[in-house]
Amino acid sequence: SKKLRDKISREQETNRKRAESLRDDLRSRLGHEPSVTQVLKMRLYAEQGGQCIYTGTSFEPHIDSIFRDEEFVEIDHIWPRSKTFDNSLDNRVLVIAGANRDKGNRIPYEFFNGAGGDSRWREFEKRVLACKGMSAEKQRRLLSKSLEDADEFLARNLVDTRYVTRMFASMLREQVEFSGGATPEELEAISPADDGKTPWTRYQ
């Protein structure tokens with residue numbers, strides 16, 4: 001709908017301006033054009049209130065190391081990427097490298113032994129909820145108690161992907177001129193297959 005498209009456009013413009021501002025700040029700090037990873041680290045640093053979200057360690061005294069020392073901090077996937085294939089911003093946080101290694105292929109709830117009533121989990125909850133610059137979706141992921149939440153996300157994402165694929169196939173049928181004189185019936189056959197591929201290459 002137009003309302004949804006307008007909302008997405010506004011969000012994209014807001015994100016673009018934020019990225020430009022962060023890039024300008026980093027350029028001044030580093031004395032050269034920052035990399036994409038450095039800009040991402042700066043964004044995560046800001047939304048986490050300048051602290052490691054897992055340990056609570058302040059990054060402020062070591063801020064130059066964040067951008068110059070690749071072994072000091074790492075970008076971690078809240079829900080293991082090997083299990084969810086999710087590399088979105090809402091699934092990434094900036095953490096001390098050692099904490100990332102200790103967490104391993106677990107979600108934070110497992111890492112902090114939330115099921116066992118560990119006090120570290122309660123402290124972690126407070127730290128996450130105090131991050132006012134963090135999206136509600138990222139907070140939800142950080143505080144989720146099971147990867148079943150990730151399964152729900154993957155199911156929604158699959159539905160969205162199929163919808164986008166159908167829309168793309170429709171656009172191809174309407175807008176792209178194929179060689180070989182494809183008939184209307186053949187063009188109608190351009191549709192997403194079960195394996196996610198679109199069998200239209202024979203018309204190239």
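pLDDT is the predictor's confidence in each residue, from 0 to 100. The structure is a predicted model, in which local features need pLDDT of at least 70 and side-chain atom pairs count only at pLDDT 80 or more, while totals for chains, interfaces and linings use all residues. Residues are numbered from 1 along each chain as its sequence is written, and side-chain values use heavy atoms, with hydrogens and water left out.

The protein has an average pLDDT of 80, and 72% of the residues score at least 70. Helices (H or I, at least four residues) and strands (E, at least two) are DSSP runs, numbered from the N terminus. Confidence is highest in strand β2 (residues 92–96), at a mean of 97, and lowest in helix α9 (residues 148–175), at 51. Where pLDDT is low, the predicted coordinates should not be read in detail.

Two packed helices are described by the angle between their axes and the distance between the axes. Axes are lines fitted to C-alpha atoms, for helices over the stretch in contact, and angles run from 0 to 180 degrees between N-to-C directions. Helix α1 (residues 2–30) packs against helix α2 (residues 36–47) at an angle of about 105°, with the axes 9 Å apart. This makes α1 roughly perpendicular to α2; angles under 35 degrees count as roughly parallel, over 145 as roughly antiparallel, 65 to 115 as roughly perpendicular and the rest as oblique. On α1 the contact is made by N15, R18, A19, L22, R23, L26 and L30, and on α2 by Q38, V39, M42 and R43. The contact residues divide into 6 nonpolar, 2 polar and 3 charged, where Ala, Val, Leu, Ile, Met, Phe, Trp, Tyr, Cys and Pro count as nonpolar, Asp, Glu, Lys and Arg as charged, and the others, Gly among them, as polar.

The axes of helix α7 (residues 119–129) and helix α8 (residues 136–143) come within 10 Å and cross at roughly 175°. α7 is therefore roughly antiparallel to α8. W121, F124, E125, V128 and L129 of α7 meet Q139, L142 and L143 of α8 in this contact, which has 6 nonpolar, 1 polar and 1 charged residues.

The largest pocket has a volume of about 370 Å³. Its lining has 13 residues, with N15, R18, R43, L89 and S135 nearest the centre. α1 supplies the largest share of this lining, 5 residues. By class, the lining of the largest pocket has 3 nonpolar, 4 polar and 6 charged residues.

The second largest pocket holds about 220 Å³ of space. Among the residues lining this second pocket are N15, A19, R23, V39 and R43. α1 gives the most to the lining of the second largest pocket, with 5 residues.

Conventions:
Contact means heavy atoms within 4.5 Å. On a 1 Å grid over the protein atoms alone, a cavity is a set of points where a 1.4 Å probe fits but cannot get out, and a pocket is an open set with protein on both sides within 12 Å along at least five of seven lines; lining residues have an atom within 4 Å of a point. Grid points are joined across faces, edges and corners, and a volume is the space filled by probe spheres set on the points.
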